[in-house]
Protein chains: 2
Amino acid sequence: MKQESKRGRPRKFDETETLNRIMQVFWKNGYAATSLDQIASETGLNRPSLYAAFGSKKEMYLASIDQFADEMHSYLREAGAKTTGANSRLKAIMAAAIELYTGKTALSSAPYGCLAISTLPAEAAQDPDFQSALEAMIARMDKGFASLIRHETNDEFSEIELLEKAQHLALILHGISIRARAGATSQTLKDLAFSAVDKIVP
Amino acid sequence: MKQESKRGRPRKFDETETLNRIMQVFWKNGYAATSLDQIASETGLNRPSLYAAFGSKKEMYLASIDQFADEMHSYLREAGAKTTGANSRLKAIMAAAIELYTGKTALSSAPYGCLAISTLPAEAAQDPDFQSALEAMIARMDKGFASLIRHETNDEFSEIELLEKAQHLALILHGISIRARAGATSQTLKDLAFSAVDKIVP
DNA sequence: ATATTTTTATGCGAATTGGTATAAAATGAA
DNA sequence: TTCATTTTATACCAATTCGCATAAAAATAT
């Protein structure tokens, strides 16, 4: 938001670390139920400092979503790189996502599901910016799954079939996020995810 | 909430119809972003009357969820009764749910997805009552799908397989609700749903 | 040192929030 | 008509909301 400047009082907070704290608050409470006072208290900053660094509440939230998407993307990419073969890699990615959704990773502190899937839909019908953010998030996941299948299976599937499989995987993952938010155990969710992967990309 | 009484000033509103209006407001805005003033304005009642009839905002919301679940249940049951065979009935139910999610039915006024899936997750991590409501909603869908498959396929699948298929169908449907909320067209969603049904219960 | 620039801290302020107290209105019972 | 009962309407309450105006603090540049 602001490049480092030579003069002036130095900041006493790290921007991305603070944004991660902000993200946690939205992750737990959702957008509408989160107040700037909660964010201030959770980050240790006061409202004017927050506003100067991240803009309005809405901008903070959208920035949190972006950072979440980026961190989740690289986390899943890493998890999917540990094996070979479409089926095995997809299972590794599903397992990693479920660990994330159930609060068993450094990025996630509690079983809150996916930040975007858990909190964006409630706001999407009210504000087109939120609807666009949700749509972008979904498209990004579709593309991620599609690209993995495309690279891992050589012309075995048509581009149409491939995109359909990717969307089915994303649908399953979003359903899993909701169940994680509802309190399902990670083992239950992994069983569901693995059997779904076996059906979609055997 | 209140049985009809002989004496006293008569009510000038119908309880279930008013609750349907309340439901629409929560459906669009989610729980936290909905104010009692909006509900009052949308129903034509004032806050004290609303409070007397339906209790607190939270009670209004949970009553909306219950009524939605009941209305959706009977609507889908009816849609699924028009054909025979597991595959065909499941497709009919999926198609009907998608019509509902994309605002093409009497019950739904706009493409807001499923009331529960769109709005409950945002609140579920803060309030155990909301988490329980979400969990109950998911369980109800799982059971609905399971019972249909059980009755339509005679011992073709074990109870374990059957429950797994039901959960896969529910996962898909929840993912579809999110995509409806994100603006996907009903045709896109039906294509996805039908191909998924073909994979799960051919 | 003095001035300049940037961040922090205090605190305000107009608006909105969920909920309710109180009184007026509308009905049936006596 | 008079009374009891229930719903409606007005208005208020204390608390919270987001955002910002203003001033103090902390650094560098001159």
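User: Which side chain has an N or O atom 2.3 Å from a base oxygen of DNA strand D?

Analyst: The side chain of A:Arg47. A polar contact is a pair of N or O atoms within 3.5 Å; within protein, one must be able to donate a hydrogen and the other to accept it, and residues adjacent in sequence count only if both atoms are side-chain atoms. This is a predicted model: local features need pLDDT of at least 70, side-chain atom pairs count only at pLDDT 80 or more, and totals for chains, interfaces and linings use all residues. Side-chain values use heavy atoms, without hydrogens and water.

User: What lies 2.8 Å from a phosphate oxygen of DNA strand D?

Analyst: A polar side-chain atom of A:Tyr51. B:Arg9 uses a polar backbone atom, 3.0 Å from a base oxygen of DNA strand D.

User: How many residues are around DNA strand D?

Analyst: A residue is near a strand if one of its heavy atoms lies within 4 Å of it. Here there are 26, and A:Arg7, A:Leu36, A:Arg47, A:Tyr51 and B:Arg7 come nearest.

Notes: Residues are numbered from 1 along each chain as its sequence is written. Chains are lettered from A and ligands numbered from 1 in the order in which they are written.
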